[in-house]
Amino acid sequence: MRRASSVLLFRTLAAARGGSAASIPVSNRFLQSTLYGTTAGSSPIRRRWFSSILATAAGTSLAVGGALIAASSISEGALAKEPPPPHTLPKDVVLYQYEACPFCNKVKAFLDYYDIPYKVVEVNPLSKKEIKWSEYQKVPIVMIDGEQLNDSSAIIDKLGERILSKKKTDSTSEDDEETKWRKWVDNHLVHVLSPNIYRNTSEALESFDYITSNGNFSFMEKISVKYAGAAAMYFVSKKLKKKYNITDERASLYEAAETWVDALNGREFLGGSKPNFADLAVFGVLRPIRYLRSGKDMVEHTRIGEWYTRMERVVGEPSRIKA
Ligand SMILES: N[C@@H](CCC(=O)N[C@@H](CS)C(=O)NCC(=O)O)C(=O)O
């Protein structure tokens, strides 16, 4: 799949720069990494090459479709956040992230809800220079009082254990409801998002506008990544549709949203009167897309809106420490 996507991406970029497709191995690492990606590391040479291709491809004139309303929280007065007992709070939390990465947003939803202050280091997905020191080359990475934690679910588990002690560690059974839906987020929901936000050229551009406006890119990278990335991801998302057996991307998104509302079964949150880790996971991965075209459509065409608004209110303002 990755190979096929790379070929498609390469053709797209080669066409965009008016060049030939002759034997240049393009990695779609950046594209995968920008949203939902799981890629093997690529060499610095390939990365530099890819950056330069993106810069060249920026010369293509694609129409910019749709302005993004930033995915900000609507805070209609804090409902009940659950700040942990102060003595359990870590002193220093640093999150290495891509602003639009769903896994990173899952961690942020958790930190925000539990009111754990954190600093953010925005990683440049092309150079990844901010995480050069780490063997693990994906985001999110969290440093908690100097200890490195990798992988969104592992980070949340570890922090949950620490701040909620018994409460969460008790429910580790594979088939408990919370665990089941957290897995559903990682194994299903995230895969539905990508084909939706890159569904057509205007939505792909809207998404990359969000990614480049919120990510860590140089001025030149911003321009080139926006257009070349949008064009390439449009094609990659077609491949992802096949891989995950998605025929109608919007229908899959609506179905996922409805499935989630069914799981709530009339409860305010999956966790009852308060969100549990599954609520936070669903909310976290949806947050970057909520005010994109696909997120608006999802809220308009499904019953998820009320729960989403409750989540926005209960999660409230980010506990992120502004630098
Ligand atoms: N299972 C991991 C997946 C993390 C992941 O795939 N992150 C992407 C960004 S959304 C990434 O860093 N991809 C590798 C890359 O950028 O090369 C988690 O839940 O944290």
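Modeller: A definition to start: the expected span of a helix is 1.5 Å times one less than its number of residues. Helices (H or I, at least four residues) and strands (E, at least two) are DSSP runs, numbered from the N terminus. This is a predicted model, where local features need pLDDT of at least 70, side-chain atom pairs count only at pLDDT 80 or more, and totals for chains, interfaces and linings use all residues. Residues are numbered from 1 along each chain as its sequence is written.

Colleague: OK, so what span should helix α9 have, and what are its end C-alpha atoms doing?
Modeller: Helix α9 covers residues 219–243, so its 25 residues should span 36 Å at 1.5 Å a residue. Its end C-alpha atoms are 34 Å apart, which agrees.

Colleague: Where does α9 bend?
Modeller: At Val225, by about 30°. The bend is the angle between axes fitted to the seven residues ending at a residue and the seven starting there. Just after α9, Asn245 has a positive phi of about 55°.

Colleague: How many helices and strands does the chain have?
Modeller: There are 13 helices and 4 strands.

Colleague: And how do β1 and β2 pair?
Modeller: Strand β1 (residues 93–97) and strand β2 (residues 119–122) pair in the parallel sense, over 4 bridges. Pairing requires that DSSP finds at least two bridges between two strands. Leu95 stands opposite Val120 in β2. From β1 the chain crosses through helix α4 (residues 102–113) to β2, and this β-α-β crossover is right-handed. Right-handed means that, with the strands pointing away from the viewer, the path from the first strand over the helix to the second runs clockwise.

Colleague: Glu99 is in that part of the chain. Buried or exposed?
Modeller: Glu99 is buried, because 20 other C-beta atoms lie within 10 Å. The cut-offs are 20 or more for buried, 12 or fewer for exposed, and partly exposed in between, with C-beta atoms placed from the backbone. Glu99 sits in the loop between β1 and α4.

Colleague: What does Glu99 touch?
Modeller: Leaving out residues up to four places away in sequence, Glu99 touches Glu122, Asn214 and Gly215. A contact needs C-beta atoms, placed from the backbone, within 7 Å. The C-alpha atoms of Glu99 and Pro288 are 8.3 Å apart, though 189 residues separate the two along the chain.

Colleague: Switching to the core. Which residues touch the most other members?
Modeller: In the largest nonpolar core, which has 72 residues, they are Val107, Phe110, Ala230 and Val282. The largest share of this core, 10 residues, comes from α9. A nonpolar core here is a set of buried Ala, Val, Leu, Ile, Met, Phe, Trp, Tyr and Cys residues joined through C-beta atoms within 7 Å. Over the chain, buried residues make up 42% of the 323 residues.

Colleague: Is Asp145 buried or exposed?
Modeller: Exposed, because Asp145 has 9 C-beta neighbours inside 10 Å. Asp145 lies in the loop between β3 and β4 (147–150).

Conventions
Contact = placed C-beta atoms within 7 Å.
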